[in-house]
Amino acid sequence: MVYAPIAAVAAILVLLVLFLLDRRGRAVAMHVHDPGKKRIVVLGGGFAGVYTCAALEKLLRDDFEIVLINKENHFVFQPLLPEVISGQIGLVDVVSPIRRLLPKTELHVREVESVDLANRTITTSTGFHPHPHVLTFDHLVFALGTVTDFRGLRGLPEHAFPFKTLSDALTLRNHVIRALEEAAIEQHDDVLRKRLLTFVIAGGGFSGVEVCAELNDFVRGVAAQYRGIDPKEIRVVLIHSQERILPEMSDKLAAFAQRILSKRGVEIMLNARLIAATGDGALLGDGQLIGTKTIVSTVPSSPHPIVGASSLPKTKNGRIEVDGTLAVKGSENLWAVGDCAMIPAPGGGFAPPTAQHATREATTVAENIVARLRGGKVKTFAFKGLGKMGSLGHQSAVAEVLGVPISGFLAWFLWRTIYLMKVPGWGRRVKIAASWTLDLFLPAELVQLRLGSSVGVTQEHFEPGQDVFEEGDVGDRVYIILSGKADVLRGGAKLATLARGDYFGEMALLRMAARNATVRCMEPMDVLALPKREFNVLSANLPELKQSFETKSAKRGHAEAGEAHSAPQVHDVR
Ligand SMILES: Cc1cc2nc3c(=O)[nH]c(=O)nc-3n(C[C@H](O)[C@H](O)[C@H](O)COP(=O)(O)OP(=O)(O)OC[C@H]3O[C@@H](n4cnc5c(N)ncnc54)[C@H](O)[C@@H]3O)c2cc1C
């Protein structure tokens, strides 16, 4: 008992010392630019960027300062991102605030807009005020990763879900829950029901397989909670362009993964390619159309546009060319790490684009920059990789660790343990471990978050034969054709053909009536869709716009009344 007050005083003293030490660390973060110090700027706060800054912080003396520019104020632990779909881990447990990870780094939460290599400056996007924000650098590290680029793939930008960021994972999760909610009450349109319950994933690499496994477990697991859904109606389809999934793994492990996924109900389509997407389906290279409201594509991964627009030396696939020390070819103060760079691997070939490699490249680049600043010797990147792992959900995984193939529960246990230990910060680790443990006993989380009150104007893609809307449908939006063609049909007869620049669908909104015609796509067509809510706001606040829609609408109606059969160019499409 005598020792209790002494222990309490000692504990308070320890806490006070820790608090003061912590404040010292923070004080460094709040410094302003000292012109006497060299400035190292890192672009991108993913695995490569954050770990570069962390390694630089360890080497920090008074001779340089570190600035990190990242779009978000958090670091995303991508290997665990697929688990956000099922809610197996808390929504924000897969991310860590960068400020807490890097107390000695000056963080700019901005988008990099341009890089001027000649003048050694970076321009970032504007914040609350539209003034330019320009930063100078002595050493610059490119760690921007790659982007999922659907451009050139018909309908994918409008209708496919990418899977790279926390917001991608959240958007997909919300969409999947919405599809289930809709399917549960859609009792009179069988085709629509099937589309709502069909989930297509394109890309059978690691991330595609993990997303597919997680999504499959989730939708099948929660189906029992929807009285209106028969689990047998659910289809999860994995489309892969090669002969087998997981090309990064041995034949045996890939075959194991295929077997496990098939057993759990996933349809695997090999040698198949997704070539177009619409709001109603996924079109494959062989002409097959899979009716679906959910298409996830983890491919293709393209070079970052900032890298593409720069004069940096690049390889054929658009990644930055670096030498073995991770310096951009022909440069002394430019460096590149992670997925945006093509890094020579020890023993030939190139380092694969993985988190495992990015974190090791980060340590090498930090040491080499400091060696350049202080006149030391630069090192060659020599990490060979420890192995590969992919989760198949439901306590199963495939792994190759130090050349040893492992599959099933043991691989899954290893996968979870290794990634848990790699998540930065003990706080996050404890939360994730707790979520995983609770998940063994509790049902999957089914809450759908409505993140925005309005989706605003969207772009949509239609394929020939597809109806934009049908006669009798509810009028919910106005369309403006950007490219392609559509026919206007009433009672099966063609009234008109619409092309680029034409708009349609406004009359049903103006007159609060049902659609009086069907609009059917005739050539691959891109449209801008303005929802009713936005249309009403615009009409209410811009009387001229409303007037112009009404005049055109009246003209169409009037002309059609007199010339319905003889003048197919005149149409009245609500
Ligand atoms: C679903 C999924 C699962 C994965 N699983 C594994 C796995 O199990 N094991 C493994 O080793 N690897 C895995 N990977 C791959 C691994 O995550 C990547 O190799 C790694 O993230 C690459 O790191 P990076 O820093 O180069 O790029 P990223 O992590 O993509 O980071 C790039 C950063 O740059 C920022 N940025 C981009 N443009 C701008 C801009 N204009 N302005 C400011 N900031 C910008 C981004 O916001 C991002 O923070 C997975 C990837 C995904 C998508």
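Predicted model: local features only at pLDDT ≥ 70, side-chain atom pairs only at ≥ 80, totals over all residues.
Visitor: What makes the meeting of the side chains of Arg193 and Glu233 a salt bridge?

Guide: The N to O distance is 2.4 Å. A salt bridge requires a side-chain nitrogen of Lys or Arg within 4 Å of a carboxyl oxygen of Asp or Glu. Residues are numbered from 1 along each chain as its sequence is written, and side-chain values use heavy atoms, leaving out hydrogens and water.

Visitor: Why can the pair of Arg193 and Glu233 be said to tie parts together?

Guide: Arg193 lies in helix H7, and Glu233 in the loop between helix H8 (206-222) and strand S13 (235-239), so the pair joins parts that are 40 residues apart in sequence. Helices (H or I, at least four residues) and strands (E, at least two) are DSSP runs, numbered from the N terminus.

Visitor: Is Arg193 buried or exposed, and why?

Guide: Buried, because its relative accessible area is 6%. The cut-offs are under 20% for buried, over 50% for exposed, and partly exposed in between (1.4 Å probe, protein chains only). Glu233 has 30% relative accessibility, so Glu233 counts as partly exposed.

Visitor: How many salt bridges does the structure hold?

Guide: It holds 18. Another is formed by the side chains of Arg520 and Asp467, at 2.6 Å, N to O. Arg520 is in strand S31 (residues 518-531) and Asp467 in strand S27 (residues 467-469), so this pair links parts 53 residues apart in sequence. Arg520, at 32%, is partly exposed. Asp467, at 19%, is buried.

Visitor: Why does the contact of Arg515 with Asp476 count as a salt bridge?

Guide: The closest N and O atoms are 3.6 Å apart. That distance is inside the limit, so the contact counts. Arg515 lies in the loop between helix H14 (506-510) and S31, and Asp476 in the loop between S27 and strand S28 (477-490), so parts 39 residues apart in sequence are tied together. Arg515 is buried, at 3%. Asp476 is partly exposed, at 35%.

Visitor: Which residues are linked in a network of salt bridges?

Guide: Glu460, Asp476, Arg477 and Arg515.

Visitor: Which residues form the negative surface patch?

Guide: Asp189, Asp190, Glu470 and Asp473. Patch residues have over 30% relative accessible area and no salt bridge; like charges are joined within 9 Å, nonpolar side chains (Val, Leu, Ile, Met, Phe, Trp, Tyr) within 5 Å. Asp and Glu count as negative, Lys and Arg as positive; His and the chain ends are not counted. A charge is placed at NZ of Lys, CZ of Arg, CG of Asp or CD of Glu. Asp189 has 31% relative accessibility, so Asp189 is partly exposed and passes the accessibility limit. Asp189 sits in the loop between helix H6 (166-185) and helix H7 (190-196).

Visitor: What makes up the nonpolar patch on the surface?

Guide: Leu438, Leu440, Phe441 and Leu442, with about 460 Å² of accessible area together. Accessible areas come from the Shrake-Rupley method with a 1.4 Å probe; for residues, only the protein chains shown count as cover. Leu438 is in helix H13 (residues 426-439). Leu438 is partly exposed, at 48%.

Visitor: How many disulfides are there by the rule?

Guide: The count is 0. A disulfide is a pair of cysteine sulfur atoms within 2.5 Å. Cys53 is buried, at 0% relative accessible area. Cys212 is also buried, at 0%.

Visitor: What is the phi of Arg120?

Guide: It is positive, about 55°, although Arg120 is not a glycine. Arg120 is in the loop between strand S6 (112-116) and strand S7 (121-124). Arg120 is partly exposed, at 37%. His394 has a positive phi of about 45° and is not a glycine either. His394 is in the loop between strand S23 (387-391) and strand S24 (397-401).
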